[in-house]
Structure formats: structure tokens, C-alpha cells
Amino acid sequence: MSTAAAPIRHGVVLADLLPATRARDIALVAGAVLTGIAAQIAVPVPGSPVPVSGQTFAALLVGTALGARRGFLSLALYAVAGAAGMPWFAQATSGYAMPSFGYILGMMLAATVVGALARRGADRSVLRMAGTMALGSLIIYAVGVPYLALATGMSLPQAVAAGLTPFLIGDALKAALAMGVLPTAWKALGRKG
């Protein structure tokens, strides 16, 4: 029995290892549901209309595991269903007229970018995964913070103080978790028993 790791091709994301197209399609729905469930892990932040939640972690994980196209479609399903009234945004909210909806739009873009990076092997090592998660978080904030400012009438510095600064430590912890989970998954899948 060999314990050597089997080579994993670049250009492949975790969802590509699913055995059938139907299973991959189901993964789109599962990614949206995972994001909706993770969004319910939410803690209000005093002075901010945006809670700390698990949805950003789930969105980045979904994008990385599914790839750019499927990650975008999964997060688009999440956004459209939530905008249409499904109460699965943070704290069981729904709709598009809320100040935090820009973060959801940012998650769609971030899932696309981190998915494209995962196809290039960015999810295979801890160091590359750190950069991927940091970039994904940056994209979410780049869309979410200006949207928050416009939706609430805050100045940009006020929106940064309310919608970015309180979340940095939590995002670092979420990135650390992703840095352990995805490279470990690849390592486990690459082994022959």
C-alpha cells in the first residue's frame, strides 16, 4: 500500500471531484443553503446596522469549493431568494432595501474571484489560502461599505467605522479557519489508501 499523495490537477476545484453533473448542480443549492444557515450565526454590533455573521465565511468557502461560475451562481441564488423574501440573510432578514445588502452583492463578486483563484490552486496551501481569503474579504468590503454609506446617509469614514473596522478580527479568525479546512481537504483527497 502506498501512502504517497496522488497529484491533484490544477484547474480543478473540490466540486469537480463530485461524481456527476447532477451532484454538482445540487452543490449550487447546498452552497446557498450553507450560506443561509451560516448567516444565522449572527451577533449584533453596537452602533452598526451590520451584524457579525458566518455568512461571509460561508460565501468565500462556497466560492472556493465550487469555482467561479458555480460559486457566483450559488451566491446569486442566495441573494435572489433572500431579496424575494426568504428570511435567510443575517438574523433571519430578507429583502434588498436593507443597509447590509451591499455585502451580499460583494459576496457574489468575491465568490467569483476566490473560485477563479481556487482553479489556479489557491486553495491548496495555507499561505495561498490566506491571500485568497484576504482578497475575498476585501472585495466584500469594497462593495458593502460604500453601499452601507449610501443606504444610511453615513459619510464614508462613518461607514468604515460601522461596517468594516469592527469586523476585522472576526474576519481574521474566519480566514484562519478556511486556511486550515481547504488545504486539509485537498490533502485528504489526494491520499491513496
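How many salt bridges does the count come to? The count comes to two salt bridges, where a salt bridge is a side-chain nitrogen of Lys or Arg within 4 Å of a carboxyl oxygen of Asp or Glu. This tour visits both.

Some ground rules before you click. This is a predicted model, in which local features need pLDDT of at least 70 and side-chain atom pairs count only at pLDDT 80 or more, while totals for chains, interfaces and linings use all residues. Residues are numbered from 1 along each chain as its sequence is written, and side-chain values use heavy atoms, with hydrogens and water left out.

**Stop 1: helix α7**

Select residues 168-189. This is helix α7, with 22 residues. Helices are DSSP runs of H or I with at least four residues, strands are runs of E with at least two, and both are numbered from the N terminus. From first C-alpha to last, α7 reaches 32 Å, close to the 32 Å expected at 1.5 Å a residue. The expected span is 1.5 Å times one less than the number of residues.

Now color the buried residues of α7: Asp-171, Lys-174, Ala-175, Ala-178, Leu-182, Pro-183 and Trp-186. Look down the axis of α7: these buried residues fall within an arc of 140 degrees, so they line one face of the helix. The arc is that of the directions from the helix axis to the C-beta atoms. Buried means under 20% relative accessible area, exposed means over 50%, and partly exposed lies in between (1.4 Å probe, protein chains only).

Turn to the other side of α7. There Ile-169, Leu-173, Lys-187 and Ala-188 are exposed.

What covers the buried residues of α7? The cover includes β2 (52-53), α2 (55-66) and α5 (126-152).

**Stop 2: Asp-171 and its salt bridge**

Stay in α7 and select Asp-171. Asp-171 forms a salt bridge with Lys-174, the closest N and O atoms being 3.6 Å apart. The two residues are three apart in helix α7, so about one helical turn separates them. Asp-171 has a relative accessible area of 13%, which means it is buried. Lys-174, at 17%, counts as buried too.

Show the contacts of Asp-171. Leaving out residues up to four places away in sequence, Asp-171 touches Thr-56, Ser-137 and Tyr-141. Contact means heavy atoms within 4.5 Å.

**Stop 3: Arg-124 and Asp-123**

Here is the other pair. Arg-124 forms a salt bridge with Asp-123, and the closest N and O atoms are 3.1 Å apart. Arg-124 is buried, with a relative accessible area of 16%. Asp-123 is buried at 0%.

**Stop 4: Gln-55**

Move to helix α2 and pick Gln-55. Is Gln-55 buried or exposed? At 8% relative accessibility, Gln-55 counts as buried. Among the residues it touches, not counting those up to four places away in sequence, are Thr-35, Tyr-78, Phe-89 and Met-107.

**Stop 5: a nonpolar patch**

Finish on the surface. Select Val-29, Val-33, Ile-37 and Leu-77, which form a nonpolar patch with about 320 Å² of accessible area together. Patches are made of residues with over 30% relative accessible area and no salt bridge; like charges are joined within 9 Å, and nonpolar side chains (Val, Leu, Ile, Met, Phe, Trp, Tyr) within 5 Å. Accessible areas come from the Shrake-Rupley method with a 1.4 Å probe; for residues, only the protein chains shown count as cover.

Which helix gives the most to the patch? Helix α1 (residues 21-39) does, with three residues. Ile-37 lies in α1, and Ile-37 is exposed at 54%.
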